[in-house]
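Let's take a walk through this structure together, one stop at a time. Have the sequence and the 3D view at hand as you read.

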Amino acid sequence: MKKVFIAGATGWVGKELSKSIVNDSNYALVGGLSRSHAGENLAKILAINTSPIPLFDSIQNAIEDIDFDILIDFTTPLIAKHNILNTIDKGRHVIVGTSGLSNQDYEQIEDRAKKRAVSVLAAGNFSITAVLLKKFAETAAKYIDQFEIIDYASQRKVDSPSGTVAELAYSLSKIKKPTVEVPIRDTMGNKETRGGDINGIQVHAIRLPGYVLGVETIFGMEDEKLIIKHEAGSGVAPYLNGIKIALAKMGTFKGLKRGLDTVMDL
């Protein structure tokens, strides 16, 4: 039975993920990180009928006090990087659900993970339909030279682009950089309206009430276009199945993998 620790255990995803882990006989939830509830019992907070699950205010205190095999992080970018590197240094596996980490952050994480020979899986989105969007978009990019990405999220999301879009732009850029017939620097008027350059791909981020998370990749060719879109609702159920897939893969590879699809048979 693998021992799991959740950073962000009382957050939107963390609460339901904690319940899911407790109900899975393959894993034991041994602790969590929650600065607002440090020192409390997660089982009591979530009304889970199980042994006490201690909550900590820092990953250092958690590592010193309890033993765990896998960290699942759903926090914020700065906190996540700190949690991830400290966990790797202790020779433990990590699943990253936090968005907003940069390519430079992941280069450092990858280097550290290889040195410690642990598994780190970072997924901007654990939803199966989001994984399929990424896979379909990668296939389309092999045949179509011009494409852009639209990133949808609520007005309260502070990071841009979303982790889903950051991973998508990263993976598509490995296939090709899209052709831009009019370079952005030559755009007349307000150049910012053409979006931001993420790994050589134009990304447009929308932040408005009514959205939870959405990704739209638009491919254009002469007299035709292809639109691939993923939209998420307000529940966390779509992400739980993907996280379970990730958990099962911990320890089966060494170093960093980016994207749930990298450990799935697609």
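**Helix pairs and a few residues worth a look**

Start with helix α4 and helix α5 (residues 103-116): the two pack at an angle of about 15°, with their axes 9 Å apart. Keep in mind as you look that this is a predicted model. An angle under 35 degrees counts as roughly parallel, and therefore α4 and α5 are described as roughly parallel to each other. Their crossing is left-handed.

Who does the touching here? On the α4 side you'll find Lys81, Ile84, Leu85, Ile88 and Asp89, and these meet Asp105, Gln108, Ile109, Arg112, Ala113 and Arg116 of α5. Sorted by class, the residues of this contact come out as 5 nonpolar, 1 polar and 5 charged.

Let's zoom in on one of them, Asp89, which belongs to helix α4 (residues 77-89). Once you set aside the neighbours within four places in sequence, Asp89 is in contact with Arg112 and Arg116. Take Arg116: in sequence it sits 27 residues from Asp89, while in space the two are 6.8 Å apart, C-alpha to C-alpha.

Now move along to another pair. The axes of helix α6 (residues 128-141) and helix α7 (residues 163-175) come within 9 Å of each other and cross at roughly 25°. That angle makes α6 roughly parallel to α7, and the crossing of these two is right-handed. From α6, the residues making the contact are Leu133, Lys134, Ala137, Glu138 and Ala141; from α7, they are Glu167, Leu168, Ser171, Leu172 and Ile175. Here the class count for the contact of α6 with α7 is 6 nonpolar, 1 polar and 3 charged residues.

Next comes a pair with another kind of geometry. Helix α1 (residues 12-22) and helix α8 (residues 237-249) pack at an angle of about 60°, and their axes are 11 Å apart. That makes α1 oblique to α8. The crossing of α1 and α8 is right-handed. Trp12, Val13, Glu16, Leu17, Ser20 and Ile21 are the α1 residues in this contact, and they meet Tyr239, Leu240, Ile243, Lys244 and Leu247 of α8. By class, this contact has 8 nonpolar, 1 polar and 2 charged residues.

Our last stop is on a strand. Glu216 lies in strand β10 (residues 213-221). With a relative accessible area of 10%, Glu216 is buried. What does the side chain of Glu216 join up with through a polar contact? The partner is the side chain of Tyr152, at 2.6 Å. Leaving out neighbours within four places in sequence, Glu216 is in contact with Glu148, Ile149, Ile150, Tyr152, Ile227, Ile228 and Lys229.

Key
Residues are numbered from 1 along each chain as its sequence is written. This is a predicted model: local features need pLDDT of at least 70, side-chain atom pairs count only at pLDDT 80 or more; totals for chains, interfaces and linings use all residues. Side-chain values use heavy atoms; hydrogens and water are left out. Axes are lines fitted to C-alpha atoms, for helices over the stretch in contact, and angles run from 0 to 180 degrees between N-to-C directions. Helices (H or I, at least four residues) and strands (E, at least two) are DSSP runs, numbered from the N terminus. Angles under 35 degrees count as roughly parallel, over 145 as roughly antiparallel, 65 to 115 as roughly perpendicular and the rest as oblique. A crossing is left-handed if the near helix is turned anticlockwise from the far one by less than a right angle, and right-handed if clockwise. Contact means heavy atoms within 4.5 Å. Ala, Val, Leu, Ile, Met, Phe, Trp, Tyr, Cys and Pro count as nonpolar, Asp, Glu, Lys and Arg as charged, and the others, Gly among them, as polar. Buried means under 20% relative accessible area, exposed over 50%, partly exposed in between (1.4 Å probe, protein chains only). A polar contact is a pair of N or O atoms within 3.5 Å; within protein, one must be able to donate a hydrogen and the other to accept it, and residues adjacent in sequence count only if both atoms are side-chain atoms.
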